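Welcome to this guided tour! Open your viewer, get ready to select residues by number, and follow along stop by stop.

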Amino acid sequence: MSHDDPGRSLASAAGAYRILKPGPTRRMAAIQKLLGSDRTRAERFLRFARDTGMSLDHVWCAFDDLGAIRSTVLASMTPGRTAMLFLSPPGNREGVELGAEVIRHVFRGLAGAGTCLAQALVTPEELLEMQALEEAGLRRIAVLKYMEATLGRRERRPVELPEGCRTRAYREEDEALIGELLARTYVDTLDCPGLVGLRGESDILEGHKHSGIYRPEWWTLLFEGETPIGVCLVNESKTDRTAELVYLGIVPEVRGRGLGRLLLARSLSVIAENAVKKVVLAVDESNAPAYDMYRGAGFNDTIRRHAYVRRLD
């Protein structure tokens, strides 16, 4: 067990528990509990964490009075003062209560470290995990559909824009511009509206930049005259030759003119020229216009996840 934190004691109908960070000798067991799997998968996860720079500083476990790990929570810190939560399978009602208590303990440490937002993604089948998240104070803001498309000749064709419209790549001197533009695209958005207002512009931009490998030449700004009216942010995956569409937004004044579809096509043509074969994205299931646009652009459904959040500061 870790000795750098006093931890927290609690009792349940099944006995007493103590919430602590696992020491180096218990880290493998903690990750195995987190994944609900064997040592081989845990070793793969630890290699992935090492290769991608994922911090394991915020792993907490509930130990019973015999020293066995009964619940594990990992808070993976990401830029933009955000933490992504991972919870070991609760298994039963007692596991739900214990998992929720470990999450609440993690939140106290995250708030003290300056983290402003906690997030979690779970599949529709993970009902007990959802209960634990909700009891720990997170709320569900969306059901996300994950989609992917294979790029080919169609994406390399020229894309004509309406007269007066143009696109160009993002430049570092555009930081103030893109912050204002992002804020304008969030007005009356149908894509995860529950996120609006939970983070500042600088946190959002940092989060977008570090979702995968930041490639500013893959960030496309749309203008009408000299006025910025849309943005499409695409990053490179950290693990394979795949691109991730991180965000696409159009300001409300020009919605309904098909500009989002054209901006998407322009962005796909940029990354298709860079030998990228596959693009992935996530879209709010309730955002029917965006979903239909992606389907029309050749994207197909893969999985669904429920998105939970909690503001910490």
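**Stop 1: a strand residue**

Start by selecting Ala-307, which lies in strand β13. Strands here are DSSP runs of E with at least two residues, helices are runs of H or I with at least four residues, and both are numbered from the N terminus. Before you go further, note that this is a predicted model, in which local features need pLDDT of at least 70, side-chain atom pairs count only at pLDDT 80 or more, and totals for chains, interfaces and linings use all residues. Residues are numbered from 1 along each chain as its sequence is written, and side-chain values use heavy atoms, with hydrogens and water left out.

Is Ala-307 buried or exposed? Its relative accessibility is 7%, so Ala-307 counts as buried. Setting aside neighbours within four places in sequence, the contacts of Ala-307 (heavy atoms within 4.5 Å) include Ala-120, Leu-121, Arg-139 and Leu-144.

**Stop 2: helix α8**

Next, select residues 288–296, which form helix α8, and colour the buried Ala-290, Tyr-291, Met-293 and Tyr-294. They cover an arc of only 160° around the axis, which puts them on the same side of α8; the arc is that of the directions from the helix axis to the C-beta atoms. Turn to the other side of α8 and you will find Pro-289, Asp-292 and Gly-296 exposed. What do the buried residues of α8 pack against? Their partners are β7 (139–150), β11 (242–250), α7 (259–272), β12 (278–284) and β13 (300–311). Just after α8, look for Gly-298, with a positive phi of about 100°.

**Stop 3: helix α1 and its neighbour**

Move to helix α1, residues 27–35, where Met-28, Ala-30, Ile-31, Leu-34 and Leu-35 are buried. Looking down the axis of α1, you see these buried residues within an arc of 160°, so they line one face of the helix. That buried set packs against α2 (39–52), β3 (59–64), β4 (69–78) and β5 (82–87). Gly-36 follows α1 and has a positive phi, near 60°.

Now show α2 as well: the axes of α1 and α2 are 9 Å apart and the helices pack at about 105°. (Axes are lines fitted to C-alpha atoms, for helices over the stretch in contact, and angles run from 0 to 180 degrees between N-to-C directions.) The two helices, α1 and α2, are therefore roughly perpendicular to each other. Angles of 65 to 115 degrees count as roughly perpendicular, under 35 as roughly parallel, over 145 as roughly antiparallel, and the rest as oblique. To see the meeting point, select Arg-27, Met-28, Ile-31, Gln-32 and Leu-35 in α1 with Arg-39, Arg-41, Ala-42, Glu-43, Phe-45 and Leu-46 in α2.

**Stop 4: the cysteines**

How many disulfides does a search of the whole structure find? The search finds zero disulfides, a disulfide being a pair of cysteine sulfur atoms within 2.5 Å. Select Cys-232, which is in no disulfide: the nearest cysteine sulfur, that of Cys-165, is 15 Å away. Cys-232 has 0% relative accessibility, so it counts as buried. Finish at Cys-61, which also counts as buried at 0% relative accessibility.

Note on methods: Buried < 20%, exposed > 50% of the residue type's maximum accessible area, 1.4 Å probe, protein only.
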